[in-house]
Structure formats: structure tokens, C-alpha cells
Amino acid sequence: MTPTLRFSVLMVFLIGVNGAQIPPVTEMMTFAKAVPDVKVNCRSESMSITVESPAGIFDGMIYPRGLGRNSSCMSLYSQASSPISYNLPLSACNTMSSNMDDGTVEYYNTIVVQPHRKLVTSQGKGFHVRCKYTTREKMITNDINVNMLEPTMLLGTAPMPGCSMVIYQGNHVAQNVKIGEQLTLIVSIDAQDVYSMRLSHCSVTDATNSASQPLIDDYGCAVDPEIMGPFHYSEDGNSAKVNFQAHKFPYTDSVYYHCNVHLCLKADDGCPSPPDCVSGRKKRQADEGSPATIEVYSGLYVNEANDLSRPDQFDLVAREKA
């Protein structure tokens, strides 16, 4: 997913959440009559969400849509004084991203604000939350680790190239697919003459980061070729891709792919050749002497073969903040 980012646009969309009715109480009636005031603060690795309850006290739960059952992404509040805060990570909890035509990256999710700690009721409200980030050029020195989304000011001799991970289904960016469909994962850096790249330690995680499956080991070899094979690198060393079939964990519909990208100076003969994983001759993709190691990630929804979700139809109310 990109180099160091800063936010420029915040968006919140209101949707309705339907559910079972329960006898109303004063706090719930107050909550239902007035829409909660929701604000979003775009941080380097998360969206920080503030909810102002009309009742002044909030007794309920907040969770990403689809992750309300025993999920680490759900937060419970007991008679909490308003405003309350909820943190939504960019690389988990059903948060997804899109590369925009203007070069920015937009992260988006849907959260549910329920004024009850156990039941889903008609008093609950849903909000589409979005953060748009713009790329900021960064300079780097030798022997440092650069976190993709950490706002750090560094000086050095050459600009770090932009780095991204994109998953395609045919010629289109994959967002909602079925198990077994053919996908292509591409990791790339900007076209330039200073750096080449190699990948290691790739994995797939579930929406809550509670389960993980290794895909590529520290040497750059496939852990289980039946799940994902080895990456194939371009001649200029600026990109790598692998074809695989869509898969998921049994209890969540969203998956996230993570890889470490090692940059090498082309003036020093570039990165080492891809490992010989068949014969067992492997060379670890070490950080030593590497100008930078970057973690990239990307997510998508994977549905059962007979259960592809239909597009949601919501009445949207948009609010934009600069």
C-alpha cells in the first residue's frame, strides 16, 4: 500500500442499521432522535473516531460492520462520558484502501454505533468513515528501517521510491472476490535508476490480526506453493508478481497480505538473485547493508463461492472536512 502519508480529507457517511426492537429507555430515545456527532482524525496507522452522544452518556458498543461478534475490533462502553473515542487500524478490522486517480490513497470502513452493549437495535447508526492520504517525499540514509505510514523526517542522498502492493483480478483491482478465483499480487517501487527490490516474510492475516499464515519465508521462498508460489521479478528489479487463488479464514470475510520489501542500491550490483528454493540453496534477504526495509500491505474481501455479497444500498449523508 505507499510511502509516508499525510491526511488531507476526512469523510463520514451516515447509514441505517436495522435490528430487533427492545423496550426503549430514555437514553436510547435521546440517542435515536438526534444523530450522534462523529468526527474522524486521520493518523499515520489508524483512523481515530470521536463520537458525541446526544445523551451525554454512552452505554453501548462500536464495531466495524461484520465484526460485531466476539471481535477484538469491537469496543464496549459502560456509562462512558461523551465524547468517546474509538480507534480503527488501517491494516485490519475490515479497513480497505483504494489508490485514487490523483495519486492519493483513500482508506475506508463502515462502523456501527449501537447504544446497547448486547443487542443490535433499530436505534443503532452506521457510518461510512474515510481518510484520504497524500504522499510526501522522503529522503533516507543508510541502515535504517522506514515504516510506511510513520511521519518521520529524514535526510540523505537519494529519495526513497514509492512502494505499493496491489491485488488484481484480471485487469481490475480486486476488492470483492470468491474463493478459488484467480488473482495476481504485484509489489512494485517507482521506476528509477537508484534502487531495486527483493521480498521476504510475506503473510496473510485475518481481519482482527488473530490468525496468520506465512506465505513467503525470510529467504524469499514460498512456504506452501499450493497456497501461493514464488514471486517473479521484472528485469529492472522494480516489481515482483505472483498468481494465486483467492482464499480466506473460515470466520472472517476480509484478508490482508503483508510483505517486507528490501531496497538495494543498483550501483552495488543491486539485490541478490532470487533464491534457488528447489535445490535448498537459500540466502537470507538480510537488512544488513540495505538502505531500507519497508512493510507493504493490502486487503480485500473474499466470499464463499455461493455467497457473493450484493452491493450495499444505503441512504448516504456525506460530510467532508479539510
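The model is predicted: local features require pLDDT of at least 70 and side-chain atom pairs count only at pLDDT 80 or more, whereas totals for chains, interfaces and linings use all residues. Residues are numbered from 1 along each chain as its sequence is written, and side-chain values use heavy atoms, with hydrogens and water left out.

Among these links, C42 is joined to C131 with an S to S distance of 2.0 Å. The bond is left-handed, with -95 degrees about S-S. Because C42 belongs to strand β2 (residues 37-42) and C131 to strand β9 (residues 125-135), the pair ties together parts 89 residues apart in sequence; strands (E, at least two residues) are DSSP runs numbered from the N terminus. C42, at 5% relative accessibility, is buried, as is C131 at 0%; buried denotes under 20% relative accessible area, exposed over 50%, and partly exposed in between (1.4 Å probe, protein chains only).

C202 and C259 form a further disulfide, S to S 1.9 Å. The torsion about its S-S bond is about 115 degrees, so this disulfide is right-handed. It links distant parts of the chain, C202 in strand β16 and C259 in strand β20, 57 residues apart. Both C202 and C259 are buried.

In the disulfide of C221 and C277, S to S is 1.9 Å, and the link is left-handed at -90 degrees. C221 lies in the loop between β17 and β18 and C277 in the loop between β20 and β21, so parts 56 residues apart in sequence are tied together. C221 is buried at 2%, whereas C277 is partly exposed at 30%. C163 is in no disulfide; the nearest cysteine sulfur, that of C259, is 9.5 Å away.

An open sheet of five strands has the order β13-β12-β15-β19-β18 with antiparallel pairing, where two strands pair if DSSP finds at least two bridges between them. Its edge strands, β13 (172-173) and β18 (232-233), each pair on one side only.

Definitions and conventions
Helix = DSSP H or I, 4+ residues; strand = E, 2+ residues; numbered from the N terminus. Disulfide = S-S within 2.5 Å.
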